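Student: I would like to learn how to read pockets and cavities in a model. Could you take me through an example?

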Amino acid sequence: MPSFAEARVDLDAISANVAVLVERAAGALVMGVVKADGYGHGMVPAARAALAGGATWLGTAFIDEALGLRAAGIDAPLLAWIVPPGEPIAEAVEAGIDIGVGSTWTADEVVAAARRTGRTARVQVKADTGLNRGGIGEADWPRVIEAVARAEADGLVTVTGLFSHFACADEPGHPSVAAQLAVFHEALEFAEKAGLRPEVRHIANSAAALTLPEARFDLVRPGIAAYGLSPVPGLDVPGLRPAMTLSARVAGCKRVPAGSGVSYGYRYTTDRETTLALVPLGYGDGVPRAATNTGPVLVGGRRRTIAGTVCMDQFVVDIGDDTVEPGDRAVLFGPGDGGEPTAQDWADALGTISYEIVTRVGRRVPRAYTGAAR
């Protein structure tokens, strides 16, 4: 792995962020969401840091991710909530992983896996309350709930949870939030009448956990907030600190005359004699090509903007008459303490969300960890 670039991850920051979220949860349990390789921070280190901060559950998207946590020796309660055809359901049952049931066929497959393994499957049933993505729709909810209740009575499954997901929780006051909450309450009431008594009921992601107390129920599922980034544009959450710093060492500098085209397509042209610095990170490492002429970078003690097209392995920064040497560090984003941009600054510049910025940092970039939870 190259040593000229790194994504430095402060695990103490993740633990401290989760501790803030535990306090804000006001008695609800906290699930640390570590899907997508811990939002790019490293799934296993992030999971350990989240548990050290007070999370009692962990959440992944897929069963293979959850099995990876078990293989690393993590035995905390664990939910994997997306189960496409072909997922290793039986292995999840044997590993004591809670399986998200978001479709009628999944319920059937989990029951079949429980029969094959001779183990009681742990399941959490997901209601589609209006996101219209995964989850059991209102029309199918009674049939699925009655089926899993029968399976529970037969000792094949234990229904440990009932959950859903918001569409617009990052827009506090959006009418869909109250509408989804109402549907979720109806779904919970039906499940209770069917005799289900789950350990946890949950619908709150980071945004709802921080802004919507009535959505906390028994458990909240913070994802991006655990990594120190705000889930709601403009919402300042005291105590949260971004955990990742992405940087690379400058690979070279050259003086060029005015009128010089820079990088593919000459989408940047120098307006004076100037110095160009080459930074060896590109879209092959997760730097968006859309950052062409827009991505902010701290080089030579000053914030600058990427000059010209972002390439697969490199980009260029116009540093004017400043002095920058090969080996000096260019910081793309971090906590902002040293004047460097943040992941939110990148998101704002590119018209996206901070989730995408940190999660897309590729495996070619080594992760370097600091903190007690390593």
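The dialogue below goes through the pockets and then the cavities.

Tutor: Gladly! This is a predicted model, in which local features need pLDDT of at least 70, side-chain atom pairs count only at pLDDT 80 or more, and totals for chains, interfaces and linings use all residues. Residues are numbered from 1 along each chain as its sequence is written, and side-chain values use heavy atoms, with hydrogens and water left out.

Student: What counts as a pocket, and what counts as a cavity?

Tutor: Both are found on a 1 Å grid over the protein atoms alone: a cavity is a set of points where a 1.4 Å probe fits but cannot get out, while a pocket is an open set with protein on both sides within 12 Å along at least five of seven lines. Lining residues have an atom within 4 Å of a point. Points are joined across faces, edges and corners, and a volume is the space filled by probe spheres set on them.

Student: How much space lies in the largest pocket, and which residues lie nearest its centre?

Tutor: The largest pocket holds about 830 Å³. Its lining has 42 residues, and Lys35, Arg133, His165, Phe166 and Asn205 lie nearest the centre.

Student: How does the lining of the largest pocket divide by class?

Tutor: It has 19 nonpolar, 16 polar and 7 charged residues. Ala, Val, Leu, Ile, Met, Phe, Trp, Tyr, Cys and Pro count as nonpolar, Asp, Glu, Lys and Arg as charged, and the others, Gly among them, as polar.

Student: What lines the second largest pocket?

Tutor: This pocket of about 260 Å³ has 14 lining residues, with Gly228, Leu229, Ser230, Leu235 and Asp236 nearest its centre. By class, 8 are nonpolar, 5 polar and 1 charged.

Student: How many cavities of 30 Å³ or more are there?

Tutor: There are 2. The largest cavity has about 50 Å³ of space, and its lining includes Trp346 and Arg360.
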